[in-house]
Amino acid sequence: MSIFKHAAEILEGKVNHFLDNAEDPGESLDLSYEKMITNLQDTKRHLADVVTERASLENQMAQAQKAVDKADADARMALEANREDLARAELAQKQSELQKIASFKEAHDTVAAQAQKLTDYENKLQDHIERFRTQKEITKSELTAAQAEVKVSQALTGIDKDMDGVGDAMRRAQDRAQHMEAKAVAMDGLMESGALNDPLDSRSQTEKEMDKVRATSGVDDDLARLKAEMAKNKDTSEGGITGS
């Protein structure tokens, strides 16, 4: 593997690592879930404020109704005492309280409608959040499994690349071994032909040739001797058998 190829693989790995970490889908899902929870909590607070306002209006309506009942009773009492002027004053107060009740009721109806809308929205949001939470956990599990599979695949890919490098090294070693073997054979041939001198052999070329002749002659003489001895032994054995 060349240094440039190795550097390119390192750069590619760093870029992939940066892209993988640029956005964590699982973290994004958790963030979305947290935003939903915050929205739900805000909705609950708004609903609590509206319900409190509705209760306040109901309390004011009740107080105004008590004032109406009291003014009506006081007007009756004033008439019984022949105090029509006081009766008129009490009835005027009664009308004022009735107007308050009408205003309170109108506001109460508006607030009650808002409270109902917020309640419906809260229920829908809570249901949506629960479904999102379930899907989020499923998606994160699938994502974790997919990431693990990718890492295993990357590891296997890395092993394949390493094996490719090992294969290249093996082929280079085999080529070098064959080259060295061929060189050794060639050197042996040159040594035998006398083209190369053995630094430990001080004989001249003529002496080397004569030694080869002597060795060959010695082999021939020894071979002839063995043949003669074998023939003699054979004749002796056959003569003994005939004499018998």
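Modeller: What follows starts with the chain as a whole, goes on to the core, and then turns to some residues beside and beyond it.

The model is a predicted one, and its chain holds 4 helices and 0 strands, which read along the sequence as α-α-α-α. Of its 244 residues, 11% count as buried, and the chain exposes about 19,000 Å², of which carbon and sulfur atoms supply 57%. Among contacts with a separation of 6 or more, 73% are made by residues 24 or more positions apart.

The largest nonpolar core is made up of 10 residues, namely Leu47, Val50, Leu57, Met61, Ala64, Val68, Ile101, Phe104, Val111 and Ala115. Helix H2, which spans 25-80, and helix H3, which spans 84-193, each supply at least two of the residues of this core, and the largest share, 6 residues, comes from H2. A second, separate core has 5 residues, including Met36, Leu40, Leu125 and Ile129. As background, nonpolar side chains in soluble globular proteins tend to be buried together.

Phenylalanine 104 is found in helix H3 and counts as buried because its relative accessibility is 19%, against a cut-off of under 20%. Leaving aside neighbours within four places in sequence, phenylalanine 104 is in contact with Leu57, Gln60, Met61 and Ala64. The C-alpha atom of phenylalanine 104 is separated by 9.6 Å from that of asparagine 59, although these two residues are 45 apart along the chain.

Lysine 94 has its place in helix H3, and with a relative accessible area of 19% lysine 94 is buried.

The loop between H2 and H3 holds asparagine 82, which counts as exposed because its relative accessibility is 70%, where exposed means over 50%. Phi of asparagine 82 is near 60°, a positive value in a residue other than glycine. Most residues other than glycine have a negative phi.

As for rings, the structure holds 0 aromatic pairs, but the charged end of lysine 136 sits over the ring of tyrosine 33, 5.1 Å from its centre.

Finally, there is the record to set beside the model. An unreviewed UniProt entry lists residues 40-74 and 111-149 under "coiled-coil region". In the model, residues 40-74 are 100% helix and 0% strand, with end C-alpha atoms 51 Å apart, while residues 111-149 are likewise 100% helix and 0% strand, with end C-alpha atoms 55 Å apart.

Terms used:
Residues numbered from 1 in each chain as written. Predicted model: local features only at pLDDT ≥ 70, side-chain atom pairs only at ≥ 80, totals over all residues. Heavy atoms only, no water. Core = buried A, V, L, I, M, F, W, Y, C linked by side-chain atoms within 4.5 Å. Buried < 20%, exposed > 50% of the residue type's maximum accessible area, 1.4 Å probe, protein only. UniProt positions renumbered as here; feature names shortened; annotations may be inferred. Phe/Tyr/Trp six-rings, centres within 6.5 Å; stacked < 30°, edge-to-face > 60°. Lys NZ or Arg CZ within 6 Å of the ring centre and 35° of its normal. Contact = heavy atoms within 4.5 Å. Areas by Shrake-Rupley, 256 points an atom, 1.4 Å probe, with all protein chains shown as cover.
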